[in-house]
Amino acid sequence: MSESTEGAGPGGGLTTGEVARRLGVAPTTVRTWDHRYGLGPDRHTGGRHRRWTPADVARLERMCALTATGIPPAEAARLARETPAPDAHPEPSARPRSAPTPPPAPAPASRAGSGLRLDDARQECKGIARAALRLDAAALDRLLLDAIREHGLVAAWTEVIVPTLQAVGRKWESSGERYVEVEHFLSWHVSGALRRAAPDTVPDRPGATTVLACVPGENHTLALEVLSAALAERGIPVRMFGGALPVESLIAAVRRTGPAAVALWAQSRTTASRPLAQHVAAMEWGVRGARRSPLVLTLGPGWSGRPVPGTARPHGLADTVRALEGLAAR
């Protein structure tokens, strides 16, 4: 039976299992988002099983993208419900056959034996959390690289690494400055795993380069590191400038590289500079009559709220990769 028709009922739509496979999450995650946050199907069909329409799936995709940026699930669910749905997505038959299949669903409310809440996370999160808490470098490297090899960079980041980082961060915030060493240890090893898993640097192609940088005062680079690796994996040339790039240096880098896109990461609203983003978006180069400007992407929770005119704000790693991949293909 083909993937596009398996489990289809008289009323059409997808089963919860099919939706979970399409999103790359556990079926328990889809059910939890339905029961806890009201992200279930808009309509019901006959029979016991619920059916998900393309609009329902699009809402869940927005939920995945929002939580991947670090937005708490309850707030992400609210935004996912309020954001208008894009055009309907193709049915699962258009999904690449090579897409990773999620492992069996973990039991809800897992704590990894440490007090770190890992609700609805993949099974790998538990082992990574334990290794981080033990400060076990060898085990942590092995588990991170195994997750990346099994699921791919994008799915491993969204479904394994980010939930674990968030759990460690919550533990630090609630324990009076304890576990800071665990957070730093885990972040360092995630960065190392991303570098080891990334393909070789892609040679420049005129008009196809993407510049990645944190805004001045911002030093959270992990999200840009995984974006850099994912773009290189797709043959897109990248120039990565890391944390807290001064304004003058950012402008000089843009002028020297003439990029197709500039991605600016801001973790905090205090560092997200709207005038800087607009200035970079207005930069031009090239001969008169054929001048070009970069597409500026404002990434990270610091840019949440009022959109920055003249810029794009994709939600989550997968959306960002798709946007930049499409730009490079022009």
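**Close-up views of salt bridges and helix packing**

**View A. Glu-233 is partly exposed, its relative accessible area being 43%.** The model shown here and in the other views is predicted. Glu-233 pairs with Arg-234 in a salt bridge whose closest N and O atoms are 3.2 Å apart.

**View B. Glu-325 and Arg-234 join their side chains in a salt bridge, at 4.0 Å from N to O.** Glu-325 belongs to helix α12 (residues 317–328), whereas Arg-234 sits in the loop between α9 (222–233) and β2 (238–240); the pair therefore ties together parts that are 91 residues apart in sequence. Glu-325 has a relative accessible area of 35% and is partly exposed.

**View C. A network of salt bridges links Glu-233, Arg-234 and Glu-325.** Arg-234 takes part in the bridge to Glu-233, with a closest N and O separation of 3.2 Å, and in the bridge to Glu-325, at 4.0 Å from N to O. In general, side chains of opposite charge can pair when their charged atoms come close. Across the whole structure, a search finds seven salt bridges.

**View D. Asp-146 and Arg-149 form a salt bridge, with 3.6 Å between the closest N and O atoms.** Both residues lie in helix α6, where a spacing of three residues separates Arg-149 from Asp-146 by about one helical turn. Arg-149 is exposed, at 63% relative accessibility. Asp-146, by contrast, is partly exposed, with a relative accessible area of 35%.

**View E. Helix α5 (residues 123–134) packs against helix α6 (residues 137–151) at an angle of about 155 degrees.** The two axes are 8 Å apart. Since angles over 145 degrees count as roughly antiparallel, α5 and α6 are roughly antiparallel to each other. Their crossing is left-handed.

**View F. The contact between α5 and α6 draws on residues from both helices.** On α5, Glu-124, Gly-127, Ile-128, Ala-131, Ala-132 and Arg-134 make the contact. The partners on α6 are Ala-139, Leu-140, Leu-143, Leu-144, Glu-150 and His-151. By residue class, the contact of α5 with α6 comprises seven nonpolar, two polar and three charged residues.

Note on methods: Residues are numbered from 1 along each chain as its sequence is written. This is a predicted model: local features need pLDDT of at least 70, side-chain atom pairs count only at pLDDT 80 or more; totals for chains, interfaces and linings use all residues. Side-chain values use heavy atoms; hydrogens and water are left out. Axes are lines fitted to C-alpha atoms, for helices over the stretch in contact, and angles run from 0 to 180 degrees between N-to-C directions. Helices (H or I, at least four residues) and strands (E, at least two) are DSSP runs, numbered from the N terminus. Angles under 35 degrees count as roughly parallel, over 145 as roughly antiparallel, 65 to 115 as roughly perpendicular and the rest as oblique. A crossing is left-handed if the near helix is turned anticlockwise from the far one by less than a right angle, and right-handed if clockwise. Contact means heavy atoms within 4.5 Å. Ala, Val, Leu, Ile, Met, Phe, Trp, Tyr, Cys and Pro count as nonpolar, Asp, Glu, Lys and Arg as charged, and the others, Gly among them, as polar. Buried means under 20% relative accessible area, exposed over 50%, partly exposed in between (1.4 Å probe, protein chains only).
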